[in-house]
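Please read them alongside the sequence and the coordinates.

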Amino acid sequence: MAAMGHLSYCSMGLFPQNHLIWHRVADQLVETYTVIALDLRGYGASSKPPSDEQHKTYSKHAMAQDCVDVMSALGHDSFYVCAHDRGARVTHKLCVDHPQRVRRAILLDIAPTLVMYQSTDFAFAKAYYHWFFLIQNAPLPEKLIGADPEAFIGYGSGGRPRNALEFFGNECYDSYLDGLKDPATVHAMCEDYRASASIDMEDHRKDDEAGRKIQCPLMVLWSKHGVIEKCFRPIEEWEKVSSATVVGEGLDCGHSIPEESPALVLEKILEFLRD
């Protein structure tokens, strides 16, 4: 995507959402940038290739290559990236694997995946139960989610009923629910998590051993009321895997930051990209 004819910007979403998570931010960003909002492979309307025993098909390495391929096909050699949750984990690998392509990156509400798994304690496991549920062997999580997709959205959002999820918006909520009603999408989502707990950690360790780090300026934003604030030191953790500057702060909202605080996210994005 091009801003004023020469800058690029790409955004990605999370589980169980899709690119629609960015609709309140993208509507404003298009005044300055051309915005390309991607559904990760397996999510939303993206393809859902067959999985494999090593979960390589849904590795962050593979998903990062998808992003590069899409941006190349659209004529953008370098670009900015802003991503939330699962998309942010892909962006971490995108920055490491393709440093020449990413000019600046913004990651929302995550710490590095390897750190989060290695630092697991009771508080983290209780809050992020889905990390350990979704990585179970197929088809256990797929069948349980498929039995009551709407209940699963509520459980995945802190046990809240639909009327407490109004920040999604009806169109977005229905889209997210449709995804959870589709067995192929649910399996792909589970494979994303299975990859994170296996091949992605192997790749992260190899990157660490080889000294491969994020080379572009990085901004991290997280919820003041969530797991990242309570269980981790996000700036410090991202500095360990970055060779460039890392800035960021906690925001007064919940986990679905682009939907809950779009004006603040927009302000932070524009400020960071102007520097």
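1. In which loop does Ser261 lie? Ser261 is in the loop between helix H14 (257–260) and helix H15 (262–274); helices (H or I, at least four residues) and strands (E, at least two) are DSSP runs, numbered from the N terminus. Ser261 is buried, at a relative accessible area of 14%, where buried means under 20% relative accessible area, exposed over 50% and partly exposed in between (1.4 Å probe, protein chains only). Neighbours within four places in sequence aside, Ser261 is in contact with Asp252 and Cys253, contact meaning heavy atoms within 4.5 Å.

2. On the basis of these notes: the model is predicted, so local features need pLDDT of at least 70 and side-chain atom pairs count only at pLDDT 80 or more, while totals for chains, interfaces and linings use all residues. Residues are numbered from 1 along each chain as its sequence is written, and side-chain values use heavy atoms, with hydrogens and water left out.

3. The β-α-β unit. S3, H3 and S4 form a right-handed β-α-β unit; right-handed means that, with the strands pointing away from the viewer, the path from the first strand over the helix to the second runs clockwise. S3 and strand S4 (residues 102–108) pair in the parallel sense over six bridges, pairing requiring at least two bridges found by DSSP. Arg104 in S4 is the bridge partner of Tyr80.

4. Burial within that unit. Six of the six residues of S3 are buried, so S3 is largely enclosed by the rest of the structure. Phe79, Val81 and Ala83 point one way from the strand, and Tyr80, Cys82 and His84 point the other way. In H3, eleven of its twelve residues are buried, and the buried set includes Arg86, Arg89 and Lys93.

5. Backbone points to check. Most residues other than glycine have a negative phi, and most peptide bonds are trans. Asp85, in the loop between strand S3 (79–84) and helix H3 (86–97), has a positive phi near 55° and is buried at 8% relative accessibility. His55 has a positive phi of about 65°; His55 is in the loop between strand S2 (35–38) and helix H2 (60–73), and is buried at 17%. The peptide bond from Ala138 to Pro139 is cis, with omega near 5°, and Pro139 is in the loop between helix H6 (129–133) and helix H7 (140–147).

6. Cysteines. The structure holds zero disulfides, a disulfide being a pair of cysteine sulfur atoms within 2.5 Å. Cys216 is in no disulfide, and the nearest cysteine sulfur, that of Cys95, is 4.0 Å away. Cys216 is buried at 6% relative accessibility. The sulfur of Cys172 is too far for a bond, because the closest cysteine sulfur, in Cys82, is 16 Å away. Cys172 is also buried, with a relative accessible area of 5%.

7. The core. The largest nonpolar core has 81 residues, of which Ile106 and Trp238 touch the most other members. Such a core is a set of buried Ala, Val, Leu, Ile, Met, Phe, Trp, Tyr and Cys residues joined through side-chain atoms within 4.5 Å. Setting aside neighbours within four places in sequence, the contacts of Trp238 include His92, Leu107, Ile110 and Val246.
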